[in-house]
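Visitor: Could you walk me through this structure? I am new to it and would like to ask as we go.

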Amino acid sequence: MNLPIIDFHCDALSKLQLDPKLDFAHDRRLDVNLRRLEEGGVKLQTFAIFLSSELGPAKMEHILEQIDLFRERVLPLGMLPVQTAEDLNTLEQGGGIGGLLSLEGADGLEGNLQYVRVCYEKGVRLLGLTWNYANWAANGVMEPRNGGFTPAGLELVKLCHELGIILDVSHLSVKGFWELQELAEAAGKPFIASHSNAYQICPHPRNLRDDQIQAIIKLGGRIGVTFVPWFVKEGKHATTKDLLPHIERICSLGGAKHLMFGSDFDGIDTHLTDFRHTGQYANWQETLLKYYPEELVRGWLYDNAAAFLRAWLPSHK
């Protein structure tokens, strides 16, 4: 059985930016490349724009470089850019693989809200407000002071809600999470955690507490269970079976229809022992079908994420 798959997070663009010699078509140094997307049965891949510290201070020009890489070295291989609900429908009705752009961390926007509009016009549809640490907009989850949003960050949230940019809390501080929850509830705008697991199963700061999971569910958001080994299990040698308790936990809190996957491939140097690149998604699908009914698995692999995108992507460019 080959069910379609949506993966909500990878960092291939960052690798392409740092090494111009990489070939997205089939380079095995990339966890995510076109050949592996095809082998794994991925129908839609979200490409994060993550600015490596190797670039120096984060700048808008670095964001634009990755958008250009997406347009010049990824899409020409036959991939379809997904920016609207209509694009998703076109993708589903035809063949091929779709690509969706997200921005991981607002740092490179340099505090300039006009740059947010530029990113939107160029196809960015998701925004992770922080990486692990503080920036001009908010504190990240690893920031010791655990602050929330700055005044400029609150303006950023407001603008994203107006434009229709979906917000992502995977790296946001706990205080920031709850501040955003209030703003999102007031605006009627759900948010996602693109690549986070359940803290109750593995107590890493990047994982979500039960009350955070329940808040995302209540808002109608989505949680992307991720394959980062140290978010899956404490210690070494985590496997895909160690992901199952995270799925169980989220489902026990009412999240069966809010669960999806965000691999974080190309953002990690070590992998689950039996899931090392996107071409192995088919094996993960087989594992899930051993334990869960097809309807649930289809939802987690594709339908839950697709329904969210149909509801919250703009209906026109």
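Visitor: What should I know before we start?

Guide: This is a predicted model, in which local features need pLDDT of at least 70 and side-chain atom pairs count only at pLDDT 80 or more, while totals for chains, interfaces and linings use all residues. Residues are numbered from 1 along each chain as its sequence is written, and side-chain values use heavy atoms, with hydrogens and water left out.

Visitor: Let's take β4. How many of its residues are buried?

Guide: Strand β4 covers residues 98-104, and seven of its seven residues are buried. Helices (H or I, at least four residues) and strands (E, at least two) are DSSP runs numbered from the N terminus, and buried means under 20% relative accessible area, with exposed over 50% and partly exposed in between, using a 1.4 Å probe and protein chains only.

Visitor: And which way do those residues point?

Guide: G98, L100, S102 and E104 point one way from β4, G99, L101 and L103 point the other way, and all of them are buried.

Visitor: Which strands does it pair with?

Guide: Strand β2 (residues 42-49) runs parallel to β4 and is joined to it by six bridges, with F47 standing opposite L101. Strand β3 (residues 80-81) is also parallel to β4, with two bridges, and there P81 stands opposite G99. Strand β5 (residues 124-128) pairs with β4 in the parallel sense over four bridges, and L103 faces L127 in that strand. Two strands count as paired if DSSP finds at least two bridges between them.

Visitor: How does the chain get from β4 to β5?

Guide: Helix α5 (residues 113-121) sits between them in the chain, and β4, α5 and β5 make a right-handed β-α-β unit. A crossover is right-handed if, with the strands pointing away from the viewer, the path from the first strand over the helix to the second runs clockwise.

Visitor: Switching topic, how many salt bridges are there?

Guide: A search of the whole structure finds nine salt bridges, each being a side-chain nitrogen of Lys or Arg within 4 Å of a carboxyl oxygen of Asp or Glu. In general, side chains of opposite charge can pair when their charged atoms come close.

Visitor: What about the one between E143 and R145?

Guide: In that salt bridge the closest N and O atoms are 3.2 Å apart; E143 is buried, with a relative accessible area of 14%, while R145 is exposed at 59%.

Visitor: Which residues form a network of salt bridges?

Guide: D19, D27 and R29 are linked in such a network. Within it, D27 and R29 have their closest N and O atoms 2.8 Å apart, and D27 is buried, with a relative accessible area of 11%.

Visitor: How many disulfides are there?

Guide: The structure holds zero disulfides, a disulfide being a pair of cysteine sulfur atoms within 2.5 Å. C10 is in no disulfide, and its nearest cysteine sulfur, that of C119, is 17 Å away. C10 is buried, at 0% relative accessibility.

Visitor: Now H171. Is it buried or exposed?

Guide: H171 counts as buried because its relative accessibility is 7%. H171 lies in the loop between β6 (166-168) and α7 (174-187).

Visitor: Which side chain makes a polar contact with H171?

Guide: The side chain of N132 does, at 2.6 Å. A polar contact is a pair of N or O atoms within 3.5 Å; within protein, one must be able to donate a hydrogen and the other to accept it, and residues adjacent in sequence count only if both atoms are side-chain atoms.

Visitor: And where is L167?

Guide: L167 is found in strand β6 and is buried, at 2% relative accessibility. L167 and A193 are 26 residues apart in sequence and 8.5 Å apart in space, C-alpha to C-alpha.
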